[in-house]
Amino acid sequence: RSLTNIVIPKSVTSIGTSAFNGCYSLITYVFERTAGITAIGGTNTFSGINSSTKIYVPDDLVETYKSASNWSTYADYIYPISEKEVTHDD
């Protein structure tokens with residue numbers, strides 16, 4: 001419950017349904033995959049997402065993520081990785 005940031009490495013190609021369900025403290029997700037998008041298992045993968053959450057993806061894939069199956073539910077939370085501020089917690 002205290003985890004606030006997570007980096008999903010390039011090697012991850014999919015994330016299962018409800019993987020981050022109930023992770024209310026998790027407010028920063030960074031998806032590093034640059035060769036296509038990371039697939040998610042359903043529209044409830046991030047169920048209960050914190051209203052302050054930001055999901056960072058490679059700049060050139062922002063629109064692709066926002067319109068992809070299941071990701072479109074979270075389009076308002078998706079930002080280009082270039083906008084991510086570096087903090088001491090990173």
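**Strands, pairing and backbone**

Tutor: Serine 18 lies in the loop between strand 2 (14-15) and strand 3 (28-31), where helices (H or I, at least four residues) and strands (E, at least two) are DSSP runs, numbered from the N terminus. This is a predicted model, in which local features need pLDDT of at least 70 and side-chain atom pairs count only at pLDDT 80 or more, while totals for chains, interfaces and linings use all residues. Residues are numbered from 1 along each chain as its sequence is written, and side-chain values use heavy atoms, with hydrogens and water left out.

Student: Is serine 18 buried, partly exposed or exposed?
Tutor: Buried means under 20% relative accessible area, exposed over 50%, and partly exposed in between, with a 1.4 Å probe and protein chains only. The relative accessibility of serine 18 is 28%, so this residue counts as partly exposed.

Student: What is the phi of serine 18?
Tutor: Serine 18 is not a glycine, although its phi is positive. The value is about 65 degrees.

Student: Which residue of strand 5 stands opposite tyrosine 29?
Tutor: Strand 3 and strand 5 (residues 54-57) pair in the parallel sense over three bridges, and two strands count as paired if DSSP finds at least two bridges between them. Threonine 28 stands opposite lysine 54 in this pairing. For tyrosine 29, the residue opposite is isoleucine 55.

Student: Which residues of strand 3 are buried on the side other than that of Thr28 and Val30?
Tutor: In a regular strand the side chains alternate between the two faces of the sheet. Strand 3 is covered on both faces, with Thr28 and Val30 buried on one side.

Student: Which residue in strand 3 stands opposite valine 7?
Tutor: Strand 1 (residues 5-8) pairs with strand 3 in the parallel sense, over four bridges. Opposite valine 7 stands valine 30.

Student: What handedness has the β-α-β unit of strand 5, helix 1 and strand 6?
Tutor: Strand 5 and strand 6 run parallel and are joined by three bridges, with isoleucine 55 opposite isoleucine 78. A crossover is right-handed if, with the strands pointing away from the viewer, the path from the first strand over the helix to the second runs clockwise. The unit formed by strand 5, helix 1 and strand 6 is right-handed.
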